[in-house]
Amino acid sequence: MVEPKAICWYGLSGCPRPAAYKGVGILRGASDATPTVRTYLADADDAEKILIEARKLREAAGTLSGMAAGEDVARVSRDVLADVRAMFEPTERGLQREDIAGRLDDRLREFYADVTAESISAQVRSFGVRSVDVKCGGKALKGAKAEDIDAAIHRRKAA
């Protein structure tokens, strides 16, 4: 909310408006102009008009992409348990969650680029995989055991 004194500083009128002007405000900073604009939500008819005009502008600018441009955008779903299990080397019985997140980021970046140790831990724990201490390089940090991930995959298949 901009105080009336601050509005006057910019050469605009901050005087109180009649009740008929409820939902009207001053748009400052979008351009050099400072237009009076509606500040309430658009109803269905107004929203349709806005979206039609927005699409015309995007078509003219060549910025349509994905489904809006008619492209097939089928989303690939991932099996987080299988993906995490695939991060284990054959001789590894457990992995620390930081290592799991790092390997997912390295090997499956298109799906796990922003994964964190905490987020991947939460995802696998949601399938009943225990968070346990895993010793690596002399440090015991939280992680997951391969056998627990295998058991969760087996439980899911059995259900």
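How many aromatic pairs does the structure hold? The count in this predicted model is zero.

Aromatic rings do take part in contacts with charged groups. The ring of Phe-111 has the charged end of Arg-78 over it, 4.3 Å from the ring centre. Likewise, the charged end of Arg-156 sits over the ring of Phe-127, at 5.7 Å from its centre.

Side chains of opposite charge can pair when their charged atoms come close. The structure holds ten salt bridges, including those in the table.

| Salt bridge | Closest N to O distance |
|---|---|
| Glu-59 and Arg-55 | 3.0 Å |
| Asp-148 and Arg-130 | 3.0 Å |

Glu-59 and Arg-55 both belong to helix α2 (residues 44-61); they are four residues apart, so about one helical turn separates them. Glu-59 is partly exposed, with 44% relative accessibility, and Arg-55 is partly exposed at 37%.

Arg-103 is buried, at 18% relative accessibility.

The salt bridge of Asp-148 with Arg-130 also joins a helix and a loop, because Asp-148 is in helix α7 (residues 146-158) and Arg-130 in the loop between α6 (117-125) and β4 (132-136). These parts are 18 residues apart in sequence. Asp-148 is buried, with a relative accessible area of 12%, whereas Arg-130 is partly exposed at 49%.

Technical notes
Residues numbered from 1 in each chain as written. Predicted model: local features only at pLDDT ≥ 70, side-chain atom pairs only at ≥ 80, totals over all residues. Heavy atoms only, no water. Phe/Tyr/Trp six-rings, centres within 6.5 Å; stacked < 30°, edge-to-face > 60°. Lys NZ or Arg CZ within 6 Å of the ring centre and 35° of its normal. Salt bridge = Lys/Arg side-chain N within 4 Å of Asp/Glu carboxyl O. Helix = DSSP H or I, 4+ residues; strand = E, 2+ residues; numbered from the N terminus. Buried < 20%, exposed > 50% of the residue type's maximum accessible area, 1.4 Å probe, protein only.
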